[in-house]
Amino acid sequence: MSDHKHKDEVTGVETTGHDWDGIRELNNPLPKWWLYTFYICIVWSFAYWVVMPAWPYLSGGAWTYTTGVIGYEQRNVVTNELAAIAEGRSETMLKIASMPLEEVASDPALMEVALGAGKAAFGDNCAPCHGSGAQGGKGFPNLNDDDWLWGGTLEDIRVTLTHGIRWDADGDTRQNIMMAYGRDGILTRAEISDVVEHVLSLSGRSEDTDAAARGASIFADQCVACHGAEGKGNRELGAPDLSDHIWLYGEDRASIVQTVSNGRSGVMPAWGGRLGEGTINALTLYVHSLGGGE
Amino acid sequence: MTDTATSLELLAREAAAQAGAHPHGDEGERYTAVNSEKNRPLYESRVKVYPKLVHGTFRKLKWLVMALTLTIYYVTPWLRWERGPDLPDQAVLLDFPARRFYFFFLEIWPQEFYYVTGLLILAALGLFLVTSVAGRVWCGYACPQTVWTDLFIYVERFFEGERAARIRLDKSPWTLAKVARKTGKHMTWILIALATGGAWVFYFADAPTLAADLATLEAPAIAYLFIGLFALTTYTLGGIAREQVCIYMCPWPRIQGAMFDEESLLVSYKDDRGEKRGPHKKGTSWEGRGDCIDCGQCVAACPMGIDIRDGMQLECIQCALCIDACDEIMDKVERPRGLIAYDTLRNHDRRRAGETPRLNIVRPRTILYAVVLAVVAAVMLVALLNRSTLELSVLPDRNPLFVTLSDGSIRNGYEVKVVNKEHSERIFHIGVEGIDGAILSRPALAGDNGATLVVGPDKLGTARFFVSLPGDRAREINGEADLKFIVTDLEDGKTAIKATTFRGPAK
């Protein structure tokens, strides 16, 4: 800045002394309050460096930082908050884990927590297969409907959740086999075509009565053990009802042919060892609530 | 020369010297070296205003309004209003934890906040109307800033004396007496400020309980925080910032400027009558001069530190104290009152043109404000009288939109919420209509409740319902159809209806 003080003629205010292509800047002082705020901020920043984590430095070849005298750490804050939330919930979750499910269901306050916890657990663990709304997909049952392969009571659902389906690591897992009649050479192509025609006739969709009649005898030999004489299924064995409108792997002829030819063996993990008793119970109540259960 | 004339001349000189009024006459402009080091402060310091006490109609009115508004503010939280068991008996209560606003017979839920919006619209329109009729009545009489500043000035006057004494005291060196007076003033201000913050928190919790908790230091920290905050702002704004709040901080003066017109009654100096001003000796003629004797009393009385004789200005809150000040002087010099008075700009022009001044309160602007005010008030009243104590909301499941059941029928899930705003338990029947053959059902765990729902007093009841439609009917609606949920109070038959949608597969 030049020593020469230039005064603006119009305002009578001193300029900064610089001249940018004939433009000069008035040297109006800052407001007092602004300056004081600025000074306080400077003092504050020094105190902040001492109290809070602030400066990075090299220590033994690795970067670290000054931790501050009160030892504040955001990770600790989150950890403590999460612990506090878990602590706050622990009593309720313990009740949900230990009380009979029917009793939990009849207590609106407990039920509110259970459905909330169940929904969260469902999103974390179940949604990848069953979908975020439990709407299911091909090979993954829709949990909103009234068709329950292994039973839709609270206890049935809890057992399925705990032990899984065809989950070999769990000794009590739900087991059955839909054989690959075509691939394993048990039935010929023509026989499979006939038996599929019969299966279609169970839900009134057969177009070839002769083939369906031929298929009926094959069905009686091969299928009734699990699916029953009228194809109504068997929950003890997890065998689906073939006469209803719900088809896990598709209702069209081609899908059914594929099912009979290659068999089906969907897997659901056992959640017993992985999720706590309270979470399993909460999930049971949540899944039961979706379609209203049985 | 009489004593009166002498004292008036003295007053004029005092005013000219102390209120910073520029001397009139031919002394010429004073030149100031604005850029010299000592004349270049970091910011322009406030020139302290020492309002002088006046006596008269408007001063009395202002005392009355102050007493009334402060009483309303401090006493309201202590009024009781019986509402029944388990409900607060405080007449005016903002119950945030329970999410209710109680106002005497009214109880507002958060979703009914439009009543408060309506109230704010009414308040705004009321201000518009009053402002277009009589200027800044709000600013001059009822604004908390004005009321508390007036109260603080009263306290200041009590401890430090009248205007001249206060100026002397501020100029005098620090003595024990000065310290005592200043301490007394500030302590009283702090007490008033604490009481103001204290009253504020009582609007948000049961006043007697909170008062006891505050006294025993068991009240929640937030209560002390807000008392402190409001005490600080009251002390700062009422005691120290005063007129600067109105001049620099408040947006109202700018907005209100748009509400006036030339027919609005504003506190104004009748320069056609007052000029040419100048000192007057008793016994001399009033011919060829104005009624203003330039005593400066209007300036001395002004809490905003302005001269009303400069005309209408942003800083003027129209508190009318200069009217009282001038009327006192007019009585003394035996001229008619009203040299400074509520007057309109049009009347000013009319007098100049030799016409009779008159009031024109009913004009398009005021009619419009009054009509809109009446319409909004009527709408509010009707809405309030028809306020329903039963509300229904229905949330259809969005994922999945529908499911196919084993018998081929299509089912939709709905979350039904019933709000019971009455103070007793009610039993409701839930039904659907709008689609032939639609069947309502509930989850298995709902047990024997069927289509009834029990909702506690002042509570929200939530339940899950299913609506299913046989497969062939579902195919007929092709995609979606309108469905209505109807909730009926089994006791008094009151109903609420909510329209929603039933969805199925599209062809």
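The contact between the chains takes 28 residues from chain A and 20 residues from chain B, two residues being in contact if their C-beta atoms, placed from the backbone, lie within 7 Å. On the side of chain A that touches chain B, α1 (32-51) and α11 (277-291) each supply at least two residues, and α11(A) gives the most, with 3 residues. By class, this side of chain A has 7 nonpolar, 12 polar and 9 charged residues. Ala, Val, Leu, Ile, Met, Phe, Trp, Tyr, Cys and Pro count as nonpolar, Asp, Glu, Lys and Arg as charged, and the others, Gly among them, as polar.

This is a predicted model, in which local features need pLDDT of at least 70, side-chain atom pairs count only at pLDDT 80 or more, and totals for chains, interfaces and linings use all residues. Residues are numbered from 1 along each chain as its sequence is written, and chains are lettered from A and ligands numbered from 1 in the order in which they are written.

Within chain B, helix α5 (residues 144-160) packs against helix α7 (residues 176-202) at an angle of about 155°, with the axes 9 Å apart. The two helices are therefore roughly antiparallel (angles over 145 degrees, on a scale from 0 to 180 between N-to-C directions). Leu151(B), Phe152(B) and Val155(B) are among the residues of α5(B) in this contact, and Trp189(B) and Ile192(B) among those of α7(B). The contact divides into 6 nonpolar, 2 polar and 4 charged residues.

In chain A, strands β1 (residues 56-59) and β2 (residues 62-65) pair in the antiparallel sense over 4 bridges (pairing requires at least two DSSP bridges). Pro56(A) has Tyr65(A) as its bridge partner in β2(A). The strands form a hairpin with 2 residues between them, and Gly60(A) in the turn has a positive phi of about 60°. Helices (H or I, at least four residues) and strands (E, at least two) are DSSP runs, numbered from the N terminus.

Conventions: Parallel < 35°, antiparallel > 145°, perpendicular 65-115°, else oblique.
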